[in-house]
Amino acid sequence: EQEEKERELQEEESGEELEDVKDSEGIFAKSFQWPVQQLASRRRVVEELVGQLIQVYQELSSGTSFPVLQPPIGVDSTYEGWSPCVDDAIYRLLVPLKPGLGHAFYMEERILEERPKRSFWIRVRGKCTCRREEPVPCFFHHLQERRRRRRRSHQLGILCTSSYLDVQKTVSWFQNFVRSVWGVRPKMRRYDLKMLPSTRSCKLQLTDILGRTFVIDLIFGLQQGDSDIFLCSCSREATLTTNLTSPIGVDMAEVKLFWHITRQVPHGSWHLKGLHICTQILSGTSFSASALKMVVMHLLITTPLLGWCSRDFVLLEDIMQYLRCCLENKHLSHFFIGNESIPEEISLPPGYEMAEPLNLFHGLTQDPAAYTKALSEFEVY
């Protein structure tokens with residue numbers, strides 16, 4: 001009888017503790033706005049507006065040497081299912097570029113001495129479009145088409161510097177295009193357009209009739225082969241400022257990873273909510289949302305997916321503890337470089353998995369003041 005009473009008492013205490021944990025989770029979670037529905041509704045509007053812009057561009061640029069814009073791809077936190085900022089969320093879309101008529105893009109990898117980091121320059125060259133079954137040569141070879149070639153070379157000069165694609169020229173050119181065509185479709189006329197200052201992406205601030213505003217950030221990219229990696233006009237990891245440099249962007253690969261995980265985790269998964277909450281906790285500190293995202297991606301691969309559910313509130317602590325270990329060791333590995341545990345659904349260029357791991361906290365080893373500040377901020381929060 002005594003043993004049975006002790007067992008009943010333990011069950012009651014366990015039940016009370018579980019209820020306390022659930023209550024704590026509910027109170028804490030409610031203090032952070034979960035933006036999924038709001039983001040999904042706004043994403044549909046953004047996709048429709050940008051889709052119309054691309055369609056108008058394709059109609060006007062058909063048959064020219066200007067780059068061909070491919071259907072946009074939603075990337076970053078708003079398309080991964082979370083966002084560190086709800087009301088101020090930026091809807092970022094990647095617009096892949098393909099060469100225009102009679103031209104080709106060639107990627108040249110370079111390592112600059114002042115910053116030993118991989119970068120790519122995009123050379124634009126004329127391309128023969130002759131068909132063997134057709135007797136008439138293409139404009140690249142036909143003597144009578146030299147004038148047309150000069151005109152198309154002038155068009156490329158708007159976008160290039162010394163035969164290399166210039167990021168700032170390309171962005172400025174597209175900004176002018178957007179200004180000139182905004183309002184040609186009924187959907188566009190519902191929003192007032194303001195072009196925000198930006199030299200490496202096209203940022204559009206739109207305001208509806210109720211005075212609500214949101215920002216669309218269009219970045220341009222060239223796909224590396226058939227992989228999920230793009231050479232982008234703008235990247236979170238970009239440190240080079242030259243207009244001719246295209247940093248490596250992994251935005252599409254990150255989106256695909258979160259989609260892949262979301263399809264496998266149980267209902268009520270906290271992997272996105274945990275990321276959202278942690279970014280809000282550390283908002284305004286030295287820890288960027290992209291760094292926290294890397295932490296969560298590493299945990300998603302190393303932690304059983306069944307553990308990512310709402311009753312395991314301790315997973316928030318797991319995220320912070322992982323970040324603490326990375327901070328103390330001054331080492332946070334890039335998820336897509338030198339990682340042999342990438343899911344098969346993610347397509348990477350050859351050599352990525354076997355490459356030397358890239359340390360995103362490398363700067364802390366060279367800047368003691370920054371390291372001390374990061375430690376202090378982490379302890380406070």
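**Exercise 1. Classify the burial of Y191 and F214, then describe their ring pair.**

Step 1. Y191 has a relative accessible area of 11%, so Y191 is buried; buried means under 20% relative accessible area, exposed over 50%, and partly exposed in between, with a 1.4 Å probe and protein chains only. F214 is buried too, at 5%.

The model is predicted: local features need pLDDT of at least 70, side-chain atom pairs count only at pLDDT 80 or more, and totals for chains, interfaces and linings use all residues. Residues are numbered from 1 along each chain as its sequence is written, and side-chain values use heavy atoms, with hydrogens and water left out.

Step 2. Searching the whole structure gives 11 aromatic pairs. Rings of Phe, Tyr and Trp (its six-membered ring) pair if their centres lie within 6.5 Å; planes under 30 degrees apart are stacked, over 60 edge-to-face, and the rest tilted. Y191 and F214 form one of these pairs, with centres 5.8 Å apart and 85° between the planes, which is edge-to-face.

Step 3. Y191 is in the loop between α5 (167-181) and β8, while F214 is in strand β10 (residues 213-223), so the pair ties together parts that are 23 residues apart in sequence. Helices (H or I, at least four residues) and strands (E, at least two) are DSSP runs, numbered from the N terminus.

Step 4. For F335 and F336, the ring centres are 5.0 Å apart and the planes are at 85°, so this pair is edge-to-face. F335 and F336 are both buried.

**Exercise 2. List the ring cluster and the charges placed over rings.**

Step 1. The cluster linked by ring pairs consists of Y57, F66, W173, F174, F177 and F220.

Step 2. A charge sits over a ring if NZ of Lys or CZ of Arg is within 6 Å of the ring centre and within 35 degrees of the ring normal. The charged end of R43 sits over the Y79 ring, 5.7 Å from its centre. K330 places its charged end over the ring of Y371, at 4.3 Å from the centre.

**Exercise 3. Describe how β8 and β9 are joined.**

Step 1. Strands β8 (residues 192-196) and β9 (residues 202-207) run antiparallel and are joined by five bridges; two strands pair if DSSP finds at least two bridges between them.

Step 2. K194 has Q205 in β9 as its bridge partner. The hairpin from β8 to β9 passes through five residues.
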